[in-house]
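Welcome! Please have a look at the sequence and the 3D view below, and then take a short tour with this briefing.

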Amino acid sequence: MKKLFTFIFLAICSLQSFATVRTASVTGNWNSTTTWGGTVPAANDDVVINAGVTVTINVNPANINNVTVNGTLQFDATGTARTWTINQALTVNSGGSFICQAPGTATTHTLNYNGTSIANNGTFNMRSGSNVCNITIGGASTQTIGGNNAITFNKLTLNNTGGKFQIDYASGGFTPTEINPTKLNVSITTNDSLVIKQGL
C-alpha cells in the first residue's frame, strides 16, 4: 500500500512539473489557433513569443506558468479590459517587447503576477496613452523584478502576502528584516501610482 501511495505521489509530481510549451511562430491574436500552430495556450502552459512575431492579447487568457517574450506581446486597445494571471517567470529578452498597443480606445487591463521573477532585457511598458495595464504582484515567496533595462508600469501594487518589500540600488539596499521579500533591483517608472500593501 505504501508503494502505491508513493507511485501515485510521484506520478502527480511528474505531471505538474512538465508544462506544455506553446510557441507563437506567426503574428496574430492570442485566441487564434493559427498564432500558436494549432492550440491556444491552456491553463498552466508555458508560452514563448518568437522573435519577429506580435501576439495581441484580445481575450482574458488562461493562467500561464512561464512567459518568454522574444518578439512582441501586447494588450489590445478595444475598450474591453483584459485580465491575465502569470504564475511563475516572466522574461522579456533583448529585442522583445511587452507593451500596451497604441490606443484606439481607452482601456485599462489587469495583470496579476504571482511568480518569483520578472526580468526585462528588452522593452516593458504598461502605458500607451490611454491604453494601460495595472499590475498587482502577489505571492508569498521571494520575488525579483530586474533585468538590464528599466520597466515602465502604469499602476503597480505590491501585495506579497508577507508584506515584504526590498529595493536594491548600487552596492547598497533598503531592506526589511523579513525573509521572502519582493525585490526591485531595476529602475522603474510608475505613471499612475505605487501601492504597497501590508501582508497578513
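Tryptophan 36 has a relative accessible area of 5%, so it is buried. Keep in mind as you read that this is a predicted model.

**Aromatic rings**

- How many aromatic pairs does the structure hold? There are 6 of them.
- In one of these pairs, the ring centres of tryptophan 30 and tryptophan 36 are 5.1 Å apart. Their planes meet at 70°, so this pair is edge-to-face; the cut-off for that label is over 60 degrees.
- Tryptophan 30 also pairs with tryptophan 84: here the centres are 5.2 Å apart and the planes are at 65°, so this pair is edge-to-face as well.
- The pair of tryptophan 30 and tryptophan 84 brings together distant parts of the chain, 54 residues apart. Tryptophan 30 sits in the loop between strand E2 (28-29) and strand E3 (46-49), while tryptophan 84 belongs to strand E7 (residues 83-86).
- Are these two partners buried or exposed? Tryptophan 30 has a relative accessibility of 1%, so it counts as buried. Tryptophan 84 is buried too, again with 1% relative accessibility.
- Ring pairs join Trp30, Trp36, Phe75, Trp84, Phe98, Phe124 and Phe153 into a cluster.

**The nonpolar core**

- The largest nonpolar core is made of 34 residues. Those with the most contacts inside this core are Trp30, Ile49, Leu73, Trp84, Phe98, Phe124 and Ile135.
- Which strand gives this core its largest share? Strand E16 (residues 151-158) does, with 4 residues.
- Beyond its neighbours within four places in sequence, leucine 73 is in contact with Trp30, Ile49, Val55, Ile57, Val67, Trp84, Ser97, Phe98 and Ile99.

- A search of the whole structure turns up 0 disulfides.
- A disulfide needs the sulfur atoms within 2.5 Å.
- Both of these cysteines are buried: cysteine 100 has a relative accessible area of 4%, and cysteine 133 has a relative accessibility of 1%.

**Around arginine 127**

- Arginine 127 lies in strand E13 (residues 127-128). Its relative accessibility is 35%, so arginine 127 counts as partly exposed; that class lies between the buried limit of 20% and the exposed limit of 50%.
- Setting aside residues up to four places away in sequence, arginine 127 touches Cys100, Val132, Asn154 and Asn191.
- Asparagine 154 is 27 residues from arginine 127 along the chain, yet their C-alpha atoms are separated by 5.6 Å. The side chains of arginine 127 and asparagine 154 are joined by a polar contact of 2.6 Å.

**An asparagine with a positive phi**

- Asparagine 44 is not a glycine, yet it has a positive phi of about 70°.
- Where is asparagine 44 found? Look in the loop between E2 and E3.
- With a relative accessible area of 40%, asparagine 44 is partly exposed.

Definitions and conventions
Residues numbered from 1 in each chain as written. Predicted model: local features only at pLDDT ≥ 70, side-chain atom pairs only at ≥ 80, totals over all residues. Heavy atoms only, no water. Helix = DSSP H or I, 4+ residues; strand = E, 2+ residues; numbered from the N terminus. Buried < 20%, exposed > 50% of the residue type's maximum accessible area, 1.4 Å probe, protein only. Contact = heavy atoms within 4.5 Å. Polar contact = N/O pair within 3.5 Å; in protein donor to acceptor, adjacent residues only side chain to side chain. Phe/Tyr/Trp six-rings, centres within 6.5 Å; stacked < 30°, edge-to-face > 60°. Core = buried A, V, L, I, M, F, W, Y, C linked by side-chain atoms within 4.5 Å.
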